[in-house]
Amino acid sequence: MDKLDNQIVINRLQEQFAEQVRVVSDPHGLLTVATEATTILDLLAFVKEDEQLRFNYLTDITAVHYPNDERDFCVVYHVHNLLHNVRLRIKVFINGPVPTIPSATTLWNGANWMERETFDFFGVVFEGHPDLRRILNMDELEVFPMRKEYPLEDPNRVDKKDFYFGR
Amino acid sequence: MSKVTLAEAPPGVEGAGFFATSLDKVIGLARANSLWPLPFATSCCGIEFMATMGSTYDLARFGAERPSFSPRQADMLLVMGTIAKKMAPVLKQVYTQMAEPRWVIAVGACASSGGIFDTYSVLQGIDEIIPVDVYVPGCPPRPEAILDGVLKLQEIVKSESLNRRNTPEYKALLEKYGIVTDNG
Amino acid sequence: MSKPITKITPNAAVFFDNDPQDELTTLNIGPTHPATHGVFQNVVQIDGERIVSGVSTIGYIHRAFEKIAEHRPFYQITPLTDRLNYCSSPINNMGWHMTVEKLLDIELPKRVQYMRVIVMELARIADHIICNGILGVDTGAFSGFLYVMQEREFIYEIFEEICGARLTTNIGRIGGFERDFNEIAFHKIEEFLKRFPPVLKEFENLFVRNRIFIERTSGVAAVTPEDALNYSWSGPILRATGVDYDVRSTAPYSSYEEFDFDVPVGANGDVYDRFMVRNEEMWQSLRIIEQALEKIKKEPAGVFHADVPEFYLPPKEQVYTNMEALIYHFKIVMGEWETPKSEVYHAVEGGNGELGFYLIHDGGRTPYRLHFRRPSFINYQMFAPMSSGMLISDAIINMSSLNVIAGELDA
């Protein structure tokens, strides 16, 4: 079996998806590609099932908030080929008041909680998720705390005077 | 000679065949030396409590042999670790389930003040929801510090008057926390 | 609080609508339950002693690590990582430092890497001691726990010698260590290598061929490798199913490729195998520490950090006497250092599995986004589905063999 490297992955993805998958960069050797919400499931299924790529281990799903960009949410998938120890990072930029992306739970059961966590923190809605509700925060919380506009500290605190903190 | 040391008797009048002291002090002595802990361990401090209960430090030497996981039979509530706002109602319920007299030790920075986690999700000190008797500093406190906290609590227990739990001051304290008592 | 963007409805789905006809009982285990060793809530539906279905609720000590990390400079994030998996804090510390070093392209001297290996392997032993000891307690064997806990105290003594703290160690700096290991520390590590094997052997003897323990654990909660990979398991519990994925050997960091050690794997993925894998890993960790001590002797003494003055805090006495040191000190503390805009994912083999740090940096003082891939969080999600059909007592030991650490679970 040949050693898998980033170039092979790029070629294979471009063969299959052509323009739909853009190669962004490879910071520190970790190939990063970007795609659209409409193709993400096909792409994940392809890299998981393809004989040559076999990124069959879902390392992580998370999101990033870019409030100043046109498309303000980026959902990041990390997948891993355990055989060759090659990782692939897939980014999907989405926007809207309710950012929506299809759920990867059909491919990996492990995606379940990762997507719930992302929903909990960012309000990214994963369509087709079997049980999309808050996981870490309280159900009563009305905001998605990891979005940049929300403060870290509890704004309802009364005992903490700015005066004492030089603010 | 045995290595067992007896608890020191409270001050009183001693004579041939009798020893007289006040009931308060005798009961305080008994309570102080058999404090049954309820470990409410949520995070890092819980691991240090594990070490405190373990073979090297051995909390059992101070009369806390049996960790009582049932709040009904516990005397001191050891709150160890961060209490998130999601957890706060649970903690309060555990506290109200305990029978009087009950004491609370806030172990570690998080339980005492929220510690380094000044965030939207963390309760800034358990004294926002329940009254606390002893605060143990540290993040996490060393087992010696936890032991010291228990010893400090023993001092409080020893000197507590029997009537304290029926006083209007105590009731006002609980009322401040919104805890309803039914023992008087 | 600012205006909410979308309103979500409060959800109370953890309570089942019980049909009075089916004679199932709903039982609430947790969030404070002596058997869970942490704050997890599981609401299960039981038919007699057998679990029919269950729902896990977590987040009871959610402390918003990722949000805090966006507000803290790099070196102030180290104390946060301590409190992820607090049974093996040094691994988290080192993982975070290595992530930043990867971002900044800092190459560490070999001696520092070996020192890190020693610290990490000691932490791994401490972590596995807790897990296996508690597993013994949960199956009714308390004494094993008491034996090994003493050795864990000794590991903490070594940590105290190295950094001054026991549990939440905050060991190291970006670029190395804050100080060299002293003579006593080396002496204590060597002493540990001598005194721990007999205790571990004794601990093993108590369990490995103990009829009660085998009956209690063998075949319980067996997981196939396919399921384990599907649920993104990692760490000892994945290896117990027979998948030899260990970050230390798959993607070596901190010179692990130079060490000779085995990655133990199990066959059935049951609780017994997990116990055995963790036990064997302790032996392997001892081997690694031994080799690291040998290797350190060959390296130039006294080197404990990389020569990167722009990222490594200068010693205090120099700050007061040396202009350059003062400037660097000021720059580092005020976050005026020049860092590349980049993103980096770095994984280390934590006590429970692949502990990943995904750092997006925009060149500012604090990370733009820092995400922790927390093995406990990902491993635990299979607990509720796999509990169906299990006896309650089996589910309890299954939980302790997963070694779910609440701090890492809820972040």
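In chain C, Ser89(C), Pro90(C), Ile91(C) and Met94(C) of helix 3 meet Arg116(C), Val119(C), Met120(C), Ala123(C) and Arg124(C) of helix 4, where two residues are in contact if their C-beta atoms, placed from the backbone, lie within 7 Å. The residues of this contact divide into 6 nonpolar, 1 polar and 2 charged; Ala, Val, Leu, Ile, Met, Phe, Trp, Tyr, Cys and Pro count as nonpolar, Asp, Glu, Lys and Arg as charged, and the others, Gly among them, as polar. The model is a predicted one, in which local features need pLDDT of at least 70 and side-chain atom pairs count only at pLDDT 80 or more, whereas totals for chains, interfaces and linings use all residues. Residues are numbered from 1 along each chain as its sequence is written, while chains are lettered from A and ligands numbered from 1 in the order in which they are written.

Helix 3 (residues 89-104) and helix 4 (residues 110-138) of chain C pack at an angle of about 140 degrees, and their axes are 7 Å apart. Helices (H or I, at least four residues) and strands (E, at least two) are DSSP runs, numbered from the N terminus; axes are lines fitted to C-alpha atoms, for helices over the stretch in contact, and angles run from 0 to 180 degrees between N-to-C directions. In the loop between helix 3 and helix 4 of chain C is Asp105(C), which has a positive phi of about 55 degrees although it is not a glycine.

Among the residues that make the contact are Leu193(C), Phe196(C) and Leu200(C) of helix 6 and Met282(C), Leu286(C) and Ile289(C) of helix 11. By class, the residues of this contact divide into 11 nonpolar, 1 polar and 3 charged.

Chain C also holds an open sheet of 3 strands in the order 1-2-3, with antiparallel pairing; two strands pair if DSSP finds at least two bridges between them. Its edge strands, each pairing on one side only, are strand 1 (25-29) and strand 3 (50-57) of chain C, and neighbouring strands are turned by 20 degrees against each other on average, direction ignored. Strand 1 of chain C pairs with strand 2 (residues 41-47) of chain C over 5 bridges in the antiparallel sense, and Asn28(C) stands opposite Val43(C) in strand 2.

In chain B, an open sheet of 4 strands has the order 3-4-5-6, with parallel pairing. Strand 3 (37-41) and strand 6 (134-136) of chain B are the edge strands, each pairing on one side only. Strand 4 (residues 76-80) and strand 5 (residues 103-107) of chain B run parallel and are joined by 5 bridges, with Leu77(B) standing opposite Val104(B) in strand 5. The loop between helix 3 (88-97) and strand 5 of chain B contains Pro101(B), and the peptide bond from Glu100(B) to Pro101(B) is cis, with omega near -5 degrees. Another cis peptide bond joins Cys139(B) and Pro140(B), with omega about -10 degrees; Pro140(B) lies in the loop between strand 6 and helix 5 (143-158) of chain B.

Both chains touch chain A. On the side of chain C, 39 residues are in contact with 37 residues of chain A, and the largest share of that side, 4 residues, comes from strand 4 of chain C. This side of chain C has 18 nonpolar, 13 polar and 8 charged residues. For chain B, 7 residues are in contact with 7 residues of chain A, and the side of chain B has 1 nonpolar, 3 polar and 3 charged residues.

For annotation, an unreviewed UniProt entry lists "domain: NADH-quinone oxidoreductase subunit D" at residues 138-410 of chain C; such positions are given in the numbering used here, feature names are shortened, and annotations may be inferred rather than shown by experiment. The end C-alpha atoms of that span lie 23 Å apart, and the span is 52% helix and 8% strand.
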